[in-house]
Amino acid sequence: MTDLFDLKVKRQIERLTQHTGQTIEAEVALKRIAWYQQNVRPGDHPDRPSPRQAFELLFFDYMQLPESELRVVLETETEIVWLSLNPCPTLIATQQLGLDTRQVCRAAYEKSTQAFLSQLDPQLRFLRSYEEIRPYASFCREMIVRVDFAAMIRIALEEARASKQVGHRGYGAIVVLGQRILAQAHAAGLNGLHAEVIALQQAVRALGDSNLSGSILFSICEPCRECYSVARQANVTSIVYGLSNEELTQHGESSPATRSSESSEPSPVMIELIGHVLHDECRALIK
């Protein structure tokens, strides 16, 4: 190992022993966003960048890694999958500390990587396999996939229409991980639960994991405070919605319309909020 690499390992050991995963996550996200804003100018990339362009920006421009250390094993217009083989200070630090990379990387370096990609295009999603990650494999399998937000909201709208057909007010939600739909649900008076809560519960069962990091909750309207709290507990990465709670109130809906983005309780995890996707279609359904 070089002296520089040894120094990086030492710094990482200090970071992991002195800070929580959430603190590291927030710091790394801010650092990566700052680099993006300082180094990537408007117009440097097309409005719809490809997974390959995002991959190169992240690993070659920002992280300065050589291509030989990132073996691409699958590439399509909507997905790129690679095996990371680069010398990794986090890997060595966790081994020396007796920590599990599956827990450390998921807690600190998954959402912070997504925060970088979302600067380029929030529909590009970063995912990592926690079954194929060093030192439990000889490589780390990672990927960037494009998720069509409009298509996902349309599925939530289908669920909302199903809700109206059974006499309910018409709310729908789905949970997506990469290009896989984990769950879809609509509010139908089932124990008084909102569509978002039902979908999140189904997603946990489908995945067999209470940690939904990497997943996106799609809803036709901005989740209320209670639904946002459930999403936070499930550690979803993003919430994408069509209509804001403020607009719901204007339409006469009597929901507990404290906006998720204005919740007085600080979130211990990063959750990205993206609104007004298929806004007009969602508003037309609610009217």
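Tyr62 has a relative accessibility of 17% and on that basis counts as buried, because the limit for a buried residue is under 20% relative accessible area. This value, like the others discussed here, comes from a predicted model.

The ring of Tyr62 has an aromatic partner in Trp35, and the two are arranged edge-to-face, with 5.2 Å from centre to centre and 65 degrees between the planes. Trp35 belongs to helix α2 (residues 21–39), while Tyr62 belongs to helix α3 (residues 51–62), so this pair ties together parts that are 27 residues apart in sequence. In total, the count of aromatic pairs in the model comes to ten. Ring pairs also link Phe55, Phe59, Phe60, Trp82 and Phe126 into a cluster.

Arg102 lies over the face of Tyr136, at 3.9 Å from the ring centre, and Arg106 lies over the face of Tyr130, at 5.4 Å from the ring centre.

Is Ser112 buried or exposed? With a relative accessible area of 0%, Ser112 is buried, and its side chain reaches the backbone oxygen of Ala108 at a distance of 2.9 Å. When neighbours within four places in sequence are left aside, the residues in contact with Ser112 are Glu25, Val28, Ala29 and Arg32.

The strands remain to be described. Five of them form an open sheet, in which the order is β6-β5-β7-β8-β9 and the pairing is mixed. The edges of this sheet are taken by β6 (180–186) and β9 (272–274), each of which has a single partner strand, so one side of each is left without a neighbour in the sheet. On average, and with direction ignored, neighbouring strands of the sheet are turned by 15 degrees against each other.

Technical notes:
Residues numbered from 1 in each chain as written. Predicted model: local features only at pLDDT ≥ 70, side-chain atom pairs only at ≥ 80, totals over all residues. Heavy atoms only, no water. Pairing = 2+ DSSP bridges. Helix = DSSP H or I, 4+ residues; strand = E, 2+ residues; numbered from the N terminus. Axes fitted to C-alpha atoms, helices over the stretch in contact; angles between N-to-C directions. Phe/Tyr/Trp six-rings, centres within 6.5 Å; stacked < 30°, edge-to-face > 60°. Buried < 20%, exposed > 50% of the residue type's maximum accessible area, 1.4 Å probe, protein only. Lys NZ or Arg CZ within 6 Å of the ring centre and 35° of its normal. Polar contact = N/O pair within 3.5 Å; in protein donor to acceptor, adjacent residues only side chain to side chain. Contact = heavy atoms within 4.5 Å.
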